[in-house]
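Colleague: Thanks for making time today. Could you walk me through this fold, one question at a time?

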Amino acid sequence: MTSTPHHHAPGWFDISTPDARRARRFYQEMFGWPMNAIDETYALVGDDGGRPTGGIGQAGPHSPYTGIVVYFPVDDVDDALARAQRLGGGRVMEPARTPLGRIAVFTDPDGNLVGVLSR
């Protein structure tokens with residue numbers, strides 16, 4: 001078990017889609033989400049305080065997944081991936097450094113995508 005507070009609370013969400021422009025427009029109109037486009041392929045979704053809570057990105061031919069992934073905070077991404085594998089999950093996206101911290105994605109035993117994030 002790790003010591004990061006509120007493990008049950010998501011730390012980030014990511015929507016990976018074949019048409020990021022369409023998805024940004026949809027979610028902006030659906031929920032009124034403010035968008036901050038970083039470039040043509042990725043936009044940050046901000047909350048009322050202006051701090052981003054998620055992102056919408058363009059899935060390419062080599063993207064590890066499409067769809068929505070919720071990221072949960074962990075102390076160590078590598079330990080979390082190893083634990084997921086021991087429990088019957090599988091690796092989908094290897095650890096990567098982002099402006100948020102290190103992230104990775106795995107599947108649970110039912111095939112659901114789950115992300116982990118360490119700051």
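Colleague: To begin with the sheet, what is the order of its strands?

Modeller: Happy to, and please keep in mind that this is a predicted model. The sheet is open and has 8 strands, with mixed pairing. Its edge strands are β2 (35-37) and β6, each pairing on one side only. Neighbouring strands are turned by 25° against each other on average, direction ignored. Read across, the order is β2-β3-β4-β1-β5-β8-β7-β6.

Colleague: Which residue in β7 is the bridge partner of Arg91?

Modeller: Here we are looking at the β6 and β7 hairpin, which has 2 residues between its strands. The partner of Arg91 in β7 is Phe106.

Colleague: And in the β7 and β8 hairpin, which turn residue has a positive phi?

Modeller: That hairpin has 5 residues between its strands. Thr107 is bridged to Leu113 of β8. The turn residue with a positive phi, about 90°, is Gly111.

Colleague: Is Ser118 buried or exposed?

Modeller: Ser118 lies in strand β8. Leaving aside neighbours within four places in sequence, Ser118 is in contact with several residues, including Val74, Asp76, Leu100 and Arg102. Its relative accessibility is 9%, and the cut-off is under 20%, so Ser118 counts as buried.

Colleague: Turning to the helices, at what angle does α1 run to β4?

Modeller: Helix α1 covers residues 20-31. This helix lies across β1 (12-17), β2, β3, β4 and β5 (67-73). As for β4 (residues 52-58), 5 bridges join it to β3 in antiparallel fashion, with Ala43 opposite Ile56. The angle between α1 and β4 is about 145°.

Colleague: One last thing: how much accessible area does the nonpolar patch with Phe31 have?

Modeller: Phe31 is found in helix α1. At 48% relative accessibility, Phe31 counts as partly exposed. The surface patch is formed by Phe26, Met30 and Phe31, and together their accessible area is about 340 Å².

Methods. Residues numbered from 1 in each chain as written. Predicted model: local features only at pLDDT ≥ 70, side-chain atom pairs only at ≥ 80, totals over all residues. Heavy atoms only, no water. Pairing = 2+ DSSP bridges. Helix = DSSP H or I, 4+ residues; strand = E, 2+ residues; numbered from the N terminus. Buried < 20%, exposed > 50% of the residue type's maximum accessible area, 1.4 Å probe, protein only. Contact = heavy atoms within 4.5 Å. Patch = residues over 30% accessible without salt bridge, like charges linked within 9 Å, V, L, I, M, F, W, Y side chains within 5 Å. Areas by Shrake-Rupley, 256 points an atom, 1.4 Å probe, with all protein chains shown as cover. Salt bridge = Lys/Arg side-chain N within 4 Å of Asp/Glu carboxyl O. Axes fitted to C-alpha atoms, helices over the stretch in contact; angles between N-to-C directions.
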